[in-house]
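Hi,

As promised, here is the structure to look through when you have a moment. My notes on it follow below.

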Amino acid sequence: MAGGEAATPLLEKKAAVYHEGCPGCGVDRRKALNPGIPYKEFFYIWIIILVSCLPISSLFPFLYFMIRDLHVAKTVEDIGFYAGFVGASYMLGRALTSSVWGMVADRFGRKPVIVFGLFSTFLFNILFGLSVRYSRFLLGSMNGLIGPIRAYAIEVCRPEHHAIALSLVSTAWAIGLIVGPTVGGYLAQPAEKYPKLFPADSLFGRFPYFLPCLCISGFCFVVLVSCIWLPVHEDRLK
C-alpha cells in the first residue's frame, strides 16, 4: 500500500478474434453471442436420438416369433441363431459406416446427414415391417446419426453446458430402450391381440409385425418434417 491507496491490478480480457470462413470461429462466435442454454437445439437433439433408438429396441419382443413365422430357420433350435443375426445386422451396418458418415457431416454439414438418417430410418423400418430382406443392415448402414448429433450437441452450446447436452443424448437413448420394446410388444400381431380392430384378412393380419414398425416410422416422419426448422450451423469444412 502506498499513499493510502491499495494497488488493485486490472485484468483486461483480450477480445476474441474471429477469422472469416473458419468453421471453428463461426461456432465460437455463435456461442459468444448466445450465452444461455439453447433449449430449441437441445429438444431436437433429444427427439432425434429417441427416434433413432426406437427401431433398434422395438423388434426384440417379437423377433423370435417373426423368424418363426417367416420359416427362415429349418429347426426350432435355429431360430435363436437367425434372431441374433437379424438383431446384430443393424449394428454391423452402423459399425461399417459410422466413420464415413462422420466425414460426410464434416464436409457437408450436420443437418444433411441428420435429415438423411431420419429418412432412411423412416423408409427401411417400414420395409422391415413388411419383411423385406436385408432392410435391417441397410437401416444401420444408412443411419449415421449418432456421431453427427453428438458433434452438433457440442457445437450449439457453451462449454459450461456440454455436460447437459451429452447427458441428453444418453437420456434419450435410455428412454428409447424403454419405449421401443413397449411399442413392439403391444402392437405386434395385432390381428391376434385385437381382432375387432384388425381383421385377419387385413394388411396387419398378413404382416403381423408391420404395425409397430409403421407407428415408429410415423413418429420418425414427424421428426423428419420438423427438421425443416432445425437450426443450421455452418460448421462444415471449407
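Let me start with valine 72, which sits in the loop between α3 (63-70) and α4 (79-108). Please keep in mind throughout that this is a predicted model. Tyrosine 82 lies 10 residues away from valine 72 along the chain, and the C-alpha atoms of the two are separated by 7.7 Å.

Both of those partners also turn up where α3 meets α4. On the α3 side are Leu63, Tyr64, Ile67 and Arg68, and on the α4 side are Ile79, Tyr82, Ala83, Val86 and Gly87. By class, this contact has 7 nonpolar, 1 polar and 1 charged residues. The axes of α3 and α4 are 9 Å apart and the helices pack at an angle of about 115°, so α3 and α4 are roughly perpendicular to each other. Their crossing is right-handed.

With α11: the axes of α2 (residues 39-57) and α11 (residues 210-226) come within 10 Å and cross at roughly 150°. The two helices are therefore roughly antiparallel to each other, and the crossing is left-handed. From α2, the contact is made by Tyr44, Ile47, Ile48, Leu50, Val51, Leu54 and Pro55; α11 brings Ile216, Phe219, Cys220, Val223 and Ser226. Sorted by class, that gives 11 nonpolar, 1 polar and no charged residues.

With α7: here the packing angle is about 165° and the axes are 10 Å apart, which means that α2 is roughly antiparallel to α7. This crossing, too, is left-handed. Glu41, Ile45, Ile48, Ile49 and Ser52 of α2 meet Ile146, Ile149, Tyr152 and Ala153 of α7. The class count is 7 nonpolar, 1 polar and 1 charged.

Ile48 is worth a look on your screen, as it is listed in the contact with α11 and in the contact with α7.

Which residues have the most contacts inside the largest one? They are Phe42, Ile45, Ile48, Ile114, Leu118 and Ile149, in a core of 28 residues. The elements giving two or more residues to this core are α2, α5 (110-129), α7 (146-155), α8 (162-187) and α11. The largest share, 9 residues, comes from α2.

Leucine 118 shows how some of these pieces connect. Not counting residues up to four places away in sequence, leucine 118 touches Ile48, Val51, Leu145, Cys220, Val223, Leu224 and Cys227. Of these, Ile48 and Val51 belong to the α2 side of the contact with α11, and Cys220 and Val223 to the α11 side.

There is also a second, separate core of 13 residues, which includes Ile67, Ala73, Ala188 and Cys213.

Best wishes

How values were computed: Residues are numbered from 1 along each chain as its sequence is written. This is a predicted model: local features need pLDDT of at least 70, side-chain atom pairs count only at pLDDT 80 or more; totals for chains, interfaces and linings use all residues. Side-chain values use heavy atoms; hydrogens and water are left out. Axes are lines fitted to C-alpha atoms, for helices over the stretch in contact, and angles run from 0 to 180 degrees between N-to-C directions. Helices (H or I, at least four residues) and strands (E, at least two) are DSSP runs, numbered from the N terminus. Angles under 35 degrees count as roughly parallel, over 145 as roughly antiparallel, 65 to 115 as roughly perpendicular and the rest as oblique. A crossing is left-handed if the near helix is turned anticlockwise from the far one by less than a right angle, and right-handed if clockwise. Contact means heavy atoms within 4.5 Å. Ala, Val, Leu, Ile, Met, Phe, Trp, Tyr, Cys and Pro count as nonpolar, Asp, Glu, Lys and Arg as charged, and the others, Gly among them, as polar. A nonpolar core is a set of buried Ala, Val, Leu, Ile, Met, Phe, Trp, Tyr and Cys residues joined through side-chain atoms within 4.5 Å. Buried means under 20% relative accessible area, exposed over 50%, partly exposed in between (1.4 Å probe, protein chains only).
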